[in-house]
Amino acid sequence: MKTLELWTDGSCKKNGQKGAYGGWGAIVIDKGSCEYRAYGKEEATTNNAMEMKAIIKGLNFIKEKYENSVKVIVYSDSAYILNCRAQRWYDSWIKNGWKNSKKEKVKNRELWEELIPYFEDELIDFQKVAGHVGIEYNEMVDNLAQSAAEGVELYGISISENDKDLWKIFKEI
């Protein structure tokens with residue numbers, strides 16, 4: 001069975017403040033064949049939400065394109081997401097009506113509800129990668145996320161969260 005790599009990152013300017021805006025970036029590596037890149041932006045968001053969005057967008061793309069015929073290794077520098085998966089925080093959240101250990105509502109519930117099924121998928125593995133230490137694909141997705149947050153056009157194409165053909169646009173042979 002073929003194994004794909006999914007590299008993801010999120011970015012948020014003014015994180016936790018009024019007027020926050022962010023971006024996400026994802027790269028799918030199909031060794032020896034092709035590479036897909038995508039990115040998007042959102043207003044009124046957080047860094048954690050953008051990190052989650054990058055993973056969800058990437059895995060949704062892979063699921064749609066490859067169905068269940070591939071294994072995936074997700075690379076992320078988000079300790080929050082990877083610790084949630086490894087320590088299964090979400091089991092307690094669900095059991096407690098989506099309340100965390102402080103009895104507060106879990107933030108980004110709608111994103112967690114999309115992401116958790118991927119945590120349970122035996123064909124998907126998650127790996128922690130150190131951020132900002134020169135790892136090629138991690139630096140590339142960081143650039144995608146940062147550029148998206150700032151609204152920078154990459155590859156000469158404007159970004160749009162509503163663009164249904166986003167992944168097709170960024171296909172590179």
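In which sense do strand 1 and strand 4 pair, and over how many bridges? Strand 1 and strand 4 pair in the parallel sense, over six bridges. The model is predicted, and local features need pLDDT of at least 70, side-chain atom pairs count only at pLDDT 80 or more, and totals for chains, interfaces and linings use all residues. Residues are numbered from 1 along each chain as its sequence is written, and side-chain values use heavy atoms, with hydrogens and water left out.

**Strand 1**

Helices (H or I, at least four residues) and strands (E, at least two) are DSSP runs, numbered from the N terminus; two strands pair if DSSP finds at least two bridges between them. With strand 2 (residues 21–30), strand 1 pairs in the antiparallel sense over nine bridges, and L6 stands opposite V28 in strand 2. Strand 1 is mostly covered, with nine of its 12 residues buried. Buried means under 20% relative accessible area, exposed over 50%, and partly exposed in between (1.4 Å probe, protein chains only).

**Helix 2**

In helix 2 (residues 79–87), the buried residues are I81, L82 and C84. Seen down the helix axis, they fall within an arc of 155 degrees, so they line one face of helix 2; the arc is that of the directions from the helix axis to the C-beta atoms. A86 and Q87, on the other side of helix 2, are exposed. The cover over the buried residues includes helix 1 (47–66), strand 4 (70–76), helix 3 (89–95), helix 4 (109–120) and strand 5 (124–128), where contact means heavy atoms within 4.5 Å. R88 follows helix 2 and has a positive phi, near 55 degrees.

**Aromatic pairs**

The whole structure holds 11 aromatic pairs. Rings of Phe, Tyr and Trp (its six-membered ring) pair if their centres lie within 6.5 Å; planes under 30 degrees apart count as stacked, over 60 as edge-to-face and the rest as tilted. Two tilted pairs are listed here.

| Pair | Centre to centre | Angle between planes |
|---|---|---|
| W7 and Y137 | 5.8 Å | 40 degrees |
| Y36 and F61 | 5.0 Å | 55 degrees |

W7 in strand 1 (residues 2–13) and Y137 in helix 5 (residues 136–150) are 130 residues apart. W7 is buried, with a relative accessible area of 7%. Y36 in strand 3 (residues 34–43) and F61 in helix 1 are 25 residues apart, and both Y36 and F61 are buried. One aromatic cluster is formed by Y80, W89, Y90, W93, W98, W112, F119 and F126.
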